[in-house]
Amino acid sequence: MENNKLETAIFGAGCFWCIEAIYKSLKGVEEVLPGYIGGKKENPTYEEVCTGETGHAEVVKLVYNPTAINYNELLEVFFTSHNPTTLNRQGEDVGTQYRSEIFYTTEAQKAAAKEYLDILRSEKVYDDPIVTKISEATKFYVAEDYHKNYFEKSGDKNPYCQLVVKPKLDKFKAKYNAKLK
């Protein structure tokens, strides 16, 4: 009998436009919501988060079917779709809102994330130290509507999408072709 219980995962890996497009393309990921988490201000706006003063990270909240894709596979995508060795930065995006952070929603996710991180560190997968934080999920705020499906809606018009999101998505799709919808 198939387990139809969906689960939630939250990842901060730089600009949420990039990771939204990546996770949306995976089999088993039912919904991807860009948003903000980990800060001190209630109901932050994109403009406020971009200042770096609210303490929030740009993240995606995934709703996924664990019988189709498991949490470790989501972690693998997380660690291969951004640079987990740059503190508060992804490429030209600089600030605490672009930090590498896993926000766990269950103790099992916390344990899996720690184990995955330990393996990456012990196997020295990256030349530089991994700075990814693992934190308990706090209140998640959904980003403004214009951020949802941003790459799909604006990818061909927005220079950032053409220069940053598209190459990252193309590289991801080439590597994970068997896991794509």
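In this predicted model, strand β6, residues 100-104, is largely enclosed by the rest of the structure, because 5 of its 5 residues are buried. Buried here means under 20% relative accessible area.

The neighbours of β6 come next. Strand β1, residues 7-13, pairs with β6 in the antiparallel sense over 4 bridges. Within this pairing, Ala 13 has Ser 100 of β6 as its bridge partner. Strand β7, residues 133-136, also pairs with β6, in the parallel sense and over 4 bridges.

Read from the N terminus, the order of elements is β-α-β-α-β-α-β-β-β-α-β-β-α-α. The chain has a radius of gyration of 15 Å, close to the 16 Å that the globule rule gives for 181 residues, so it is as compact as a globular protein of that length. Its C-alpha trace spans about 45 × 35 × 30 Å along the principal axes.

Of the 181 residues in the protein chain, 46% are buried. Among contacts between residues at least 6 apart in sequence, 75% join residues at least 24 apart.

As for the surface, the accessible area of the protein chain is about 9300 Å², and carbon and sulfur atoms account for 51% of it. The chain carries 24 positive and 27 negative side chains, and the centres of these two sets lie 1 Å apart.

Note on methods: Residues numbered from 1 in each chain as written. Predicted model: local features only at pLDDT ≥ 70, side-chain atom pairs only at ≥ 80, totals over all residues. Heavy atoms only, no water. Helix = DSSP H or I, 4+ residues; strand = E, 2+ residues; numbered from the N terminus. Rg over C-alpha atoms; globule rule 2.2 N^0.38 Å. Buried < 20%, exposed > 50% of the residue type's maximum accessible area, 1.4 Å probe, protein only. Contact = heavy atoms within 4.5 Å. Areas by Shrake-Rupley, 256 points an atom, 1.4 Å probe, with all protein chains shown as cover. Lys, Arg positive; Asp, Glu negative; His and termini not counted. Charge placed at Lys NZ, Arg CZ, Asp CG, Glu CD. Pairing = 2+ DSSP bridges.
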